[in-house]
Amino acid sequence: MTLRRTCKRLSLVLLLLLPTTLLAGDRHVYLDTDQPPDGQLNDCPNPAHNAQGTSNTANLSRCQGGSSSGKIIGSAPGRVSSSACTSGGGTVQPQRSGDYA
């Protein structure tokens, strides 16, 4: 196989794989760790995943409706404050299993 043909095939493979890598988003799995469980999910103790950027395991909340709908309430990058949620027309709701945020 020639070098040109090999490069073309490699380019085609990379082009086909590109959409799957672009669609892969940041996904976090949270659990209800309160005792007894109350149905509201708790934050991850890893500061890299935590809504506040700390190592707490506080109950998670999300913005429902408005301009920040679906965002997790917190101070870490990518989160929204509760005041920004409500001023944008949303309401702060508990983050429960099965809710999409």
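**Calls in a predicted model, and the grounds for them**

In this predicted model, the side chains of R62 and Q64 make a polar contact of 2.4 Å.

Me: What makes the pair R62 and Q64 a polar contact?
Reply: The cut-off for a pair of N or O atoms is 3.5 Å. The two side chains meet at 2.4 Å, so the pair falls within 3.5 Å and counts. R62 itself is in strand β1.

Me: Is R62 buried or exposed, and how do you know?
Reply: Its relative accessible area is 11%. Buried means under 20%, so R62 is buried.

Me: Why are C63 and C85 called a disulfide?
Reply: Their sulfur atoms are 2.1 Å apart. A disulfide needs two cysteine sulfur atoms within 2.5 Å, so the pair of C63 and C85 qualifies. A search of the whole structure finds one disulfide.

Me: Which parts of the chain does the pair link?
Reply: Distant ones: C63 is in strand β1 (residues 61-64) and C85 in helix α2 (residues 82-87), with the two cysteines 22 residues apart.

Me: What makes this disulfide right-handed?
Reply: The torsion about the S-S bond of C63 and C85 is about 90°, and the disulfide is therefore right-handed.

Me: How do you know whether C63, C85 and C44 are buried or exposed?
Reply: The limit for buried is under 20% relative accessible area. C63 has 0% and C85 has 0%, so both are buried. C44 has 18%; that value is also under 20%, so C44 counts as buried.

Me: Where is N42, and is N42 buried or exposed?
Reply: N42 is in the loop between α1 (3-23) and β1. Its relative accessible area is 2%.

Me: Which polar contacts does the side chain of N42 make, and what makes them count?
Reply: One reaches the backbone nitrogen of T33 at 2.8 Å. Another joins the side chain of N42 to that of D34 at 3.1 Å. Both distances are within 3.5 Å, so both count as polar contacts.

Me: Which residues does N42 touch, leaving out those up to four places away in sequence?
Reply: N42 touches Y30, L31, D32, T33, D34, T57, A58, N59 and L60.

Me: What kind of peptide bond joins Q35 and P36?
Reply: A cis peptide bond, with omega at about -5°. Most peptide bonds are trans. P36 lies in the loop between α1 and β1.

Methods:
Residues are numbered from 1 along each chain as its sequence is written. This is a predicted model: local features need pLDDT of at least 70, side-chain atom pairs count only at pLDDT 80 or more; totals for chains, interfaces and linings use all residues. Side-chain values use heavy atoms; hydrogens and water are left out. Helices (H or I, at least four residues) and strands (E, at least two) are DSSP runs, numbered from the N terminus. Buried means under 20% relative accessible area, exposed over 50%, partly exposed in between (1.4 Å probe, protein chains only). A polar contact is a pair of N or O atoms within 3.5 Å; within protein, one must be able to donate a hydrogen and the other to accept it, and residues adjacent in sequence count only if both atoms are side-chain atoms. Contact means heavy atoms within 4.5 Å.
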